[in-house]
Amino acid sequence: MVQAITDKDFSQETDKGVVLTDFWATWCGPCRMQSPVVEQLAEDYDGEVKFTKMDVDANPATAQSFGIMSIPTLLVKKDGEVVETLVGYHTKDQLDQVLKQYTA
């Protein structure tokens, strides 16, 4: 399951363990392509990685604080620290390889 989060709860929802946050917007075509890939990974990594998504139009402060200028942007945090920033569409295999580095 991918949990929708906001500027208010971003820090608290992403401060423990491995968390992937998908920064997206409803009007963004590549974001709509990325979303099902993130959903599949959420099933594959159930219990190992937390998956969240944030609409940048509704929650601009967090995106601005990380300097996110293009979407989709995927932010991977481990124990509250950003360990990976991925800009643009990524395949399931590409994201799987990234996540394996932090879950092994």
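Residues are numbered from 1 along each chain as its sequence is written, and side-chain values use heavy atoms, with hydrogens and water left out. In this predicted model, local features need pLDDT of at least 70 and side-chain atom pairs count only at pLDDT 80 or more, while totals for chains, interfaces and linings use all residues.

Helix α4 covers residues 92-103 (helices are DSSP runs of H or I with at least four residues, strands runs of E with at least two, numbered from the N terminus). Leu-95, Val-98, Leu-99 and Tyr-102 are its buried residues (buried is under 20% relative accessible area, exposed over 50%, partly exposed in between, with a 1.4 Å probe and protein chains only). Among the elements covering these residues are β2, α2, β3, β4 and β5. The face turned away from the buried side carries exposed Asp-93, Gln-97 and Gln-101.

Phe-10 belongs to helix α1 and counts as buried because its relative accessibility is 4%. Beyond its neighbours within four places in sequence, Phe-10 is in contact with residues including Phe-23, Phe-66 and Lys-77 (contact means heavy atoms within 4.5 Å).

The whole structure holds 1 disulfide (a pair of cysteine sulfur atoms within 2.5 Å). Cys-28 and Cys-31 form this link, with sulfur atoms 2.3 Å apart, and it is right-handed, with 80° about the S-S bond.

Note on methods:
Expected span 1.5 Å × (residues − 1).
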